[in-house]
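Visitor: I would like to learn how to read a protein structure. Could you take me through one, feature by feature?

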Amino acid sequence: MNVVEQTLNSEISYAAASKDFKAGRYIESMSCLNKMLNPKTDARTYALLARNLEKLNLKSDAAAAFQIAYDKSTSKNIDYLLEAFRLHYESGNDKLALALGNKLVTQARRDPDVAFMMATLLVRNGELALAAPFKQVLAGSDKEEHLIMAARLIYGDWQPDSREHMEATRRILQKIPRNNAVRLLYLTICREHSKYDVIERHQPFIDEIIEKDDLAAFEFDQPFFNLHWCGIEKINRMAHLSTGVYGTNKQAERRVMPHKWGDKIRLGYVSGDLWEQHATMKLLRGVFELHDRDRFDVTLFCNTPQQF
């Protein structure tokens with residue numbers, strides 16, 4: 001069989017497989033396609049195979065077929081790669097999806113659907129900092145799940161003095177105005193910018209949910225900033241965003257640890273501001289120096305970011 005005959009037969013077989021696919025006869029379509037598979041099989045044939053596999057809910061196999069289609073396409077058709085990425089994401093194949101995601105960063109920065117999948121994968125794998133660049137494109141979306149993820153990334157990339165974050169949060173709240181977790185985030189940032197007119201408009205919504213004892217939103221508030229405005233201890237205890245996860249047996253473990261009494265009173269200071277240029281450190285330096293070393297054993301627990 002010469003090249004012309006092979007090409008003609010391939011076209012006829014592809015047309016038959018495509019017709020079966022459009023008619024919902026996926027097994028028949030795949031049977032036809034399987035006869036066409038060889039080292040020279042082109043990208044569109046693998047793409048059609050992938051679509052059949054997806055229809056049969058074989059998403060991991062479909063993702064693999066789309067990836068082959070991408071590799072075989074002469075122009076490196078990015079649509080095939082996007083489909084492979086999406087299917088790995090939907091199948092829970094995080095590592096495979098993230099490996100493909102490295103080639104899709106440009107698309108993720110302008111497509112909120114791709115950005116959401118990428119951010120979800122990174123957050124799920126504890127890479128919140130790597131997901132931060134996608135917060136703006138997600139904040140520009142109209143889908144609620146995208147907006148909530150954008151707010152989560154703003155929390156993760158915490159810069160309360162950032163005007164960019166304030167504007168992004170304002171836009172998110174404008175689109176989902178009943179989400180009080182986002183409202184708490186917006187109020188926190190506005191307090192840092194002394195936006196008293198905004199605080200005056202939005203605080204009544206928070207006061208209302210406190211009065212109704214509808215407090216679920218406070219689980220997404222940060223303890224440090226919650227203490228700035230809220231004097232209700234019940235709510236202070238609920239605000240535990242970014243505090244990490246602690247096992248229920250930690251208190252019991254701590255109480256059975258051996259304790260050695262000494263002549264000095266032991267003091268511990270925990271802070272993320274223990275660096276010389278910070279205002280807190282400038283104010284506390286004298287306090288630290290004035291401790292009577294004969295009476296007190298002082299330990300500083302430094303939680304300051306490494307760059308400082």
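Guide: We will look at helix pairs, then at a pocket and a cavity. Keep in mind that this is a predicted model.

Visitor: Let us start with helices. At what angle do H4 and H5 pack, and how far apart are their axes?

Guide: Helix H4 covers residues 59-72, and helix H5 covers residues 78-91. They pack at an angle of about 160°. Their axes are 8 Å apart.

Visitor: Which residues of H4 and H5 make the contact?

Guide: Take H4 to begin with. Its contact residues include Ala 62, Ala 63, Phe 66 and Tyr 70. From H5 come, among them, Ile 78, Leu 81, Ala 84 and Leu 87. Lys 59 of H4 and Glu 83 of H5 take part as well. By class, this contact has 10 nonpolar, 4 polar and 3 charged residues.

Visitor: Now another pair. How are H11 and H13 placed?

Guide: H11 spans residues 144-156, and H13 spans residues 180-192. The packing angle is about 40°, and the axes lie 11 Å apart. H11 and H13 are therefore oblique to each other. H11 crosses H13 in a left-handed way.

Visitor: What classes of residue meet there, nonpolar, polar or charged?

Guide: Look at the residues before you count. H11 gives Ala 151, Ile 154 and Tyr 155. H13 gives Ala 181, Val 182, Leu 184, Leu 185 and Ile 189. That makes 8 nonpolar residues, with no polar and no charged ones.

Visitor: Can we try one more pair?

Guide: Take helix H6, residues 94-101, and helix H8, residues 112-124. Their axes come within 10 Å and cross at roughly 125°. H6 and H8 are therefore oblique to each other. The crossing is left-handed. Asp 94, Ala 97, Leu 98 and Gly 101 of H6 meet Met 118, Leu 121, Leu 122 and Arg 124 of H8. This contact has 5 nonpolar, 1 polar and 2 charged residues.

Visitor: On to the spaces. What volume does the largest pocket have?

Guide: The largest pocket has a volume of about 920 Å³. There are 22 lining residues. Closest to the pocket centre are Trp 158, Phe 224, Phe 225, Gly 272 and Asp 273.

Visitor: Which elements give two or more residues to that lining?

Guide: Helix H15 (223-229) and strand S1 (265-271) do. H15 gives the largest share, 3 residues. By class, the pocket lining has 10 nonpolar, 9 polar and 3 charged residues.

Visitor: How many cavities of 30 Å³ or more does a search of the whole structure find?

Guide: The search finds 1. About 40 Å³ of space lies in the largest cavity.

Visitor: Which residues line the largest cavity?

Guide: Thr 188, Arg 191, Glu 192, Phe 225, His 228 and Trp 229 line it. H13 and H15 are the elements that give two or more residues to this lining. The lining divides into 2 nonpolar, 2 polar and 2 charged residues.

Definitions and conventions: Residues numbered from 1 in each chain as written. Predicted model: local features only at pLDDT ≥ 70, side-chain atom pairs only at ≥ 80, totals over all residues. Heavy atoms only, no water. Axes fitted to C-alpha atoms, helices over the stretch in contact; angles between N-to-C directions. Helix = DSSP H or I, 4+ residues; strand = E, 2+ residues; numbered from the N terminus. Parallel < 35°, antiparallel > 145°, perpendicular 65-115°, else oblique. Left-handed = near helix turned anticlockwise from the far one by under 90°. Contact = heavy atoms within 4.5 Å. Nonpolar A, V, L, I, M, F, W, Y, C, P; charged D, E, K, R; others polar. 1 Å grid on protein atoms, 1.4 Å probe; cavity = no way out; pocket = protein on both sides within 12 Å on 5 of 7 lines; lining within 4 Å. Points joined across faces, edges and corners; volume = space filled by probe spheres on them.
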